[in-house]
Amino acid sequence: MSGPLRLVPDEAGPEWAEQTMQLRTLPRQRRRPAPPEPADDGLDLSADPIDALAERLADVCADAVHPYEIAAFLESDGLTDEQAALNYGRPDSFTLAEELFTKVARRYPGPSAEFANPWRADPWRCVVRGLVFALPGLGYLLGANLFAVDRMRFGLPSGMVALSVATLASWCWNQALAHRSYAWLGRGRRRAAGRCLAIGAPAGALVAAVSAYVVGGPLSSLLFAAGQSGYLAAATVLLVLGREKSLLVALAPSALGAGVVLAVDVPQVVRTCVLLATLALALALAVREVVRCLRSEQDATVLRLPLSKEIPQGLFGLAVGTLTLIAGLGTTIHQAVDGGVRATDAAAPTGPAMVALTLSLGLAEWLLFRYRAMAVAALRTSHTPGQFVRRTGGVLLGCLLTYLTTVAALDAAATVLWPGAPNLGTVQLGALLVLGGALWLALLLNAFGHSWSTALICLAAAIAECAGLLAGADPTLLQLIGCGAAALVLTSIAGPALGRTTKHR
């Protein structure tokens, strides 16, 4: 899930939207620059009144990166072109701003206590989020016997196709639901966010469960898909409301049960009870948090958010889910399409790769905050727009390389711990890294409001990979080409778009 990154990790207040949009050079209340006092007969009438204005606005002018910042300040204070011509002898406010920019020397204060890191993120919280993204995978170990391995569809046990469809439906719906709920929270409407989650989460679980039923499969696998849909809906509620630790508590039975299953053989009835315990805990904790939101104060004014803004978010969730499923199941589907090889006939190194990718999501979120914090610091210390572009470009490259290095290290560690897992080859590792890089860049641009572009780029890559996979192409090569092309396009968008100072105000 991804949504607008908050300014601070605490709950947003009603003034949050105004504060995040406020330019750092524009105080909220500032008196209009007063015209120069009439000169006495005995004084030199040739003195330029702009000198007095430059002295009064010395801090604003010295801190500006571009004359337009000074012009915006003057216009926000109500200075019109007529007043600029009458009081200062300049044709308009932009000419006046350019002269002020030239007259006052640059004196950048550097990061202060107020602006040092407005995008603070608790690293331990991101670690917890990485765990709650990865631990649900243990549920598949507990529920493996619920799928009929004697009946295969696309190289997968019967019912696994229905589960995959339900997973995609959940990712698509919950991405849009999370974004809309974050939008309400960002406006200080906690009650509205609770109402959105109370209606949207059950509806999304129902849509995903019905989609699995339409695809069909054994009853046990359909029930597993319905339970997964309910868990994903509850997890969305808890993650949006910042209750990662509660979700970690709900996942404790499955984590402990999976550890026991790896050591000894456990009857399926016990495994099912463990899965139901996790589902019941997650649902109960989610209901508790939604009720708390609904008991918040009634909103004083009526505010409506258009549903059309959630369309690109849903498409983004669908595209990301498809790319991830192809990375995990592409080899199996390719073998089935190409020669009918069963899933158990060949070992594929996708298991450790998927574990590494899910565990790295916590770091991915922390790096998003880190990038924004360092970009704000660059904004405060850069002397020219070009210098700011170079600094933010370096920060972007550093964050991306840090993430990809971590994914590679996690994959190496998971491969060592995974029984019988083959090592990733150079091509497979490259495919994993381009997938991780594309997803991180897409999350970054989505957080900056480029929702349609990121959704369409990722969706195009997902459609191309699906078409190639069904045509019998090698899934690793498809992933290299599809995700690699998406990463290149996203990088070409991120460089110029995030190099603008207005994106980091």
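Biologist: Which residues make the nonpolar surface patch?
Modeller: Bearing in mind that this is a predicted model, the nonpolar surface patch is made by W124, V127, L131, V355, L359 and W418, and its area is about 560 Å².

Biologist: And which helix gives the most to the nonpolar patch?
Modeller: That is α7, which contributes three residues, while both α7 (123-134) and α15 (350-359) supply at least two residues each.

Biologist: Where is W418 found, then?
Modeller: W418 sits in the loop between α17 (385-417) and α18 (426-447), and with a relative accessible area of 40% it is partly exposed.

Biologist: Changing topic, how many salt bridges does the count come to?
Modeller: The count comes to 10 salt bridges, and one of them joins the side chains of D51 and K103, with a distance of 3.1 Å from N to O.

Biologist: Where in the chain are D51 and K103?
Modeller: D51 belongs to helix α2 (residues 50-56) and K103 to helix α6 (residues 93-103), so this pair, 52 residues apart, links distant parts of the chain.

Biologist: What does E289 form a salt bridge with?
Modeller: Its partner is R243, and the closest N and O atoms of the two are 3.2 Å apart. Because E289 lies in helix α13 (residues 268-294) and R243 in the loop between α11 (219-240) and α12 (244-263), the pair ties together parts that are 46 residues apart in sequence.

Biologist: Is E289 buried or exposed?
Modeller: E289 is buried, with a relative accessible area of 1%, whereas R243 is partly exposed at 26% relative accessibility.

Biologist: What about D265 and R271, how do their side chains meet?
Modeller: They meet in a salt bridge, with 3.8 Å from N to O. Of these two residues, D265 counts as exposed at 71% relative accessibility, but R271 is buried, with a relative accessible area of 8%.

Conventions. Residues are numbered from 1 along each chain as its sequence is written. This is a predicted model: local features need pLDDT of at least 70, side-chain atom pairs count only at pLDDT 80 or more; totals for chains, interfaces and linings use all residues. Side-chain values use heavy atoms; hydrogens and water are left out. A salt bridge is a side-chain nitrogen of Lys or Arg within 4 Å of a carboxyl oxygen of Asp or Glu. Helices (H or I, at least four residues) and strands (E, at least two) are DSSP runs, numbered from the N terminus. Buried means under 20% relative accessible area, exposed over 50%, partly exposed in between (1.4 Å probe, protein chains only). Patches are made of residues with over 30% relative accessible area and no salt bridge: like charges are joined within 9 Å, nonpolar side chains (Val, Leu, Ile, Met, Phe, Trp, Tyr) within 5 Å. Accessible areas come from the Shrake-Rupley method with a 1.4 Å probe; for residues, only the protein chains shown count as cover.
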